[in-house]
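Work through the exercises below with the sequence and the model open. Each task is followed by a solution in steps.

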Amino acid sequence: MSPHDPPTLLVLYGSQTGTAQDTAQRLARQAQRRRVQVCLSPLDGYNVAELISESLVVFVCSTTGQGEPPDNMKNFWRFLFRKSLPVGSLSRLDCAVLGLGDSSYPKFNFVAKKLHKRLQQLGACTLLPVGLADDQHDLGSDAVVDPWLQAFWDKVLSLYPTLRNVLPLREDEPLPPSFTFHFLDGVSEQTEDRLWTDPPSSAPSPSQPFPARMLSNRRVTEASHFQDVRLIEFDITHSHMEFTAGDVVMMRPRNSAEDVRQFCELLRLRPDSVFTLKPCICKLPRPCTVRHLVESYLDVAAVPRRSFFELLASFASNELERDKLAEFSSAAGQDELHGYCNRPRRTALEVLADFPHTTAELKADYLLDLFPEIQPRSFSIASSLQAHPNRLHILVAVVQYRTKLYRPRRGLCSSWLASLDPAEGEVSVPLWVKKGSLRFPVQKERPVIMVGPGTGVAPFRAALQERIAEGKTANVLFFGCRSESKDFYFRTEWEDMRSAGHLVLFTAFSRDQEEKVYVQHRVRENAALLWDLVANQNACFYIAGNAKQMPASVRDALKEVFQQEGRLTAEQAQEMLEAMERTGRFQSETWS
């Protein structure tokens with residue numbers, strides 16, 4: 001490539017939880033500081049047919065579920081893997097791929113690896129090896145991202161030597177804001193629920209969720225139990241929502257009234273002030289109040305990312321605060337940042353309170369650069385339309401835990417849901433449904449084995465209701481919890497199914513005896529039954545629940561079953577499990 005002026009850098013991202021988007025934005029800011037023209041877009045917001053005429057592109061993408069692309073890159077993914085695409089169609093393209101993943105999942109960074117390979121197949125020149133960032137690293141994904149970005153810019157400087165003569169913006173010079181706030185006097189806000197004043201004519205979506213009326217919000221753990229778990233029921237009449245066992249429901253939580261009040265105080269904003277934005281954001285009403293923006297859009301209760309500190313540092317004029325923020329923003333200061341922010345799970349709001357001089361200098365125009373948008377949360381649907389028409393149930397563990405910080409840490413969505421009480425007045429929650437990763441067999445006689453400890457049992461309740469309604473009675477469930485009397489979810493339902501001959505149930509109550517008993521122990525104990533179901537009756541095996549140790553322990557127990565009952569070697573047992581995974585006979589849905 002000739003050493004002329006660099007082309008516009010195109011940064012495309014596929015992001016599920018916002019991490020890849022944040023990294024893509026960081027790269028775009030680095031380009032702006034180097035005075036390189038840059039364009040940033042989610043992959044599905046870009047016309048992929050134009051890729052053949054691009055010169056320089058960086059793809060930043062995460063991997064979801066069982067090695068699938070994020071929602072906002074699925075259309076791009078389908079297009080790129082069309083067999084009809086000519087082999088040399090991207091021969092003019094210089095590109096690089098940065099993947100964000102978690103090595104505790106079996107398909108670590110699968111999307112980035114596959115994308116890198118596909119771009120090479122189509123003739124693109126990959127400027128450097130695919131970056132494989134790992135959330136499990138002590139310093140998080142930055143341990144890979146930092147050196148990868150440095151290597152990328154070194155490569156760009158060698159391709160375009162004229163860039164070496166450009167004086168970059170200093171790190172402490174704020175970049176121009178992406179948005180401008182125009183505050184309006186004497187204007188009252190439009191209705192915030194404008195999205196759903198009329199009954200929807202099609203299935204709900206992220207841009208047009210359905211306001212589902214909450215019918216009940218019932219605690220299902222015993223009052224003395226350490227964890228508050230809720231069974232929540234929604235009315236979805238006239239919503240056009242359809243779902244089957246294994247699907248998930250999506251919702252966007254809201255910040256608490258107390259957090260909204262404190263945020264407005266710290267930034268000296270009046271909650272009732274009304275503004276319009278340029279460019280506008282379609283998810284916000286026009287005009288919009290500060291209260292609505294903070295409550296429903298800005299993620300102020302999350303643990304902030306490093307980019308938050310980078311931006312704050314550029315506003316700081318107080319020397320002490322500026323030095324500390326600069327340290328937190330630097331590659332060398334990541335251990336320090338981890339200790340201050342990630343380990344104790346300190347929120348962005350608490351950080352603002354710790355840096356009062358810098359917070360006082362923040363202008364409203366930068367709020368949308370500083371705070372990411374609240375991301376939707378997903379819950380396994382815990383009911384079947386065949387058993388509960390026009391209803392949707394979820395099982396929610398209210399997240400609360402302590403760190404060294406004085407106030408307990410709370411999960412944003414679960415705490416918000418727990419605070420809603422339909423007995424005190426009508427409550428509606430905007431929802432939409434998404435295909436889940438679990439798929440259940442259509443054949444009537446095919447047995448299903450489900451391992452769902454704790455709230456992991458939610459999708460299996462939906463599956464059992466659906467299967468029994470369809471006359472599929474070969475069902476085995478392994479359920480585990482701490483105590484039979486405190487957190488045995490849906491006990492009477494399982495007992496009814498068992499007495500009707502529709503379910504074989506195995507339970508593990510870990511704290512009800514001296515030695516802890518978990519679901520993997522019950523799997524081992526029932527080796528003969530499981531081997532017969534899997535080897536002779538072609539059963540499907542499912543795991544759902546917390547991603548810490550349980551999924552790996554259950555996998556190991558199942559391999560031991562194959563070795564013991566099927567007389568297989570360890571290698572053969574591993575191969576058998578992998579073959580089941582490939583054909584969809586072994587599936588897992590885990591979350592951290």
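**Exercise 1.** Find the span that UniProt lists for "domain: FAD-binding FR-type" and describe it.

Step 1. The UniProt record, an unreviewed entry, lists residues 207-441 under this name. UniProt positions are given in the numbering used here, feature names are shortened, and annotations may be inferred rather than shown by experiment.
Step 2. The end C-alpha atoms of residues 207-441 are 32 Å apart, and the span is 29% helix and 21% strand. Helices (H or I, at least four residues) and strands (E, at least two) are DSSP runs, numbered from the N terminus.
Step 3. The model is a predicted one, in which local features need pLDDT of at least 70 and side-chain atom pairs count only at pLDDT 80 or more, while totals for chains, interfaces and linings use all residues. Residues are numbered from 1 along each chain as its sequence is written, and side-chain values use heavy atoms, with hydrogens and water left out.

**Exercise 2.** State which spans the domain assignment gives, and how far apart the centres of domain 1 and domain 4 lie.

Step 1. The assignment, which is automatic or from a database, gives domain 1 (9-165), domain 2 (210-252 + 376-434), domain 3 (257-370) and domain 4 (448-590).
Step 2. Taken over C-alpha atoms, the centres of domain 1 and domain 4 are separated by 38 Å.
Step 3. For "domain: Flavodoxin-like", the unreviewed UniProt entry lists residues 9-153. The end C-alpha atoms of that span lie 11 Å apart, with 32% helix and 22% strand.

**Exercise 3.** Which strands stand at the edges of the six-stranded open sheet?

Step 1. Write down the order, β13-β10-β17-β8-β9-β14, with antiparallel pairing. Two strands pair if DSSP finds at least two bridges between them.
Step 2. β13 (377-380) and β14 (391-397) each have a single partner strand, so one side of each is left without a neighbour in the sheet.
Step 3. On average, neighbouring strands here are turned by 40° against each other, direction ignored. Axes are lines fitted to C-alpha atoms, for helices over the stretch in contact, and angles run from 0 to 180 degrees between N-to-C directions.
Step 4. Strand β10 (residues 248-251) is joined to β13 by four bridges, and Met250 has Ser378 as its bridge partner in β13.

**Exercise 4.** State the mean pLDDT of the protein and where it falls below 50.

Step 1. The mean pLDDT (the predictor's confidence in each residue, from 0 to 100) is 92, and 96% of residues reach 70 or more.
Step 2. Over residues 191-197 the pLDDT is below 50. Where pLDDT is low, the predicted coordinates should not be read in detail.

Notes. Contact = heavy atoms within 4.5 Å.
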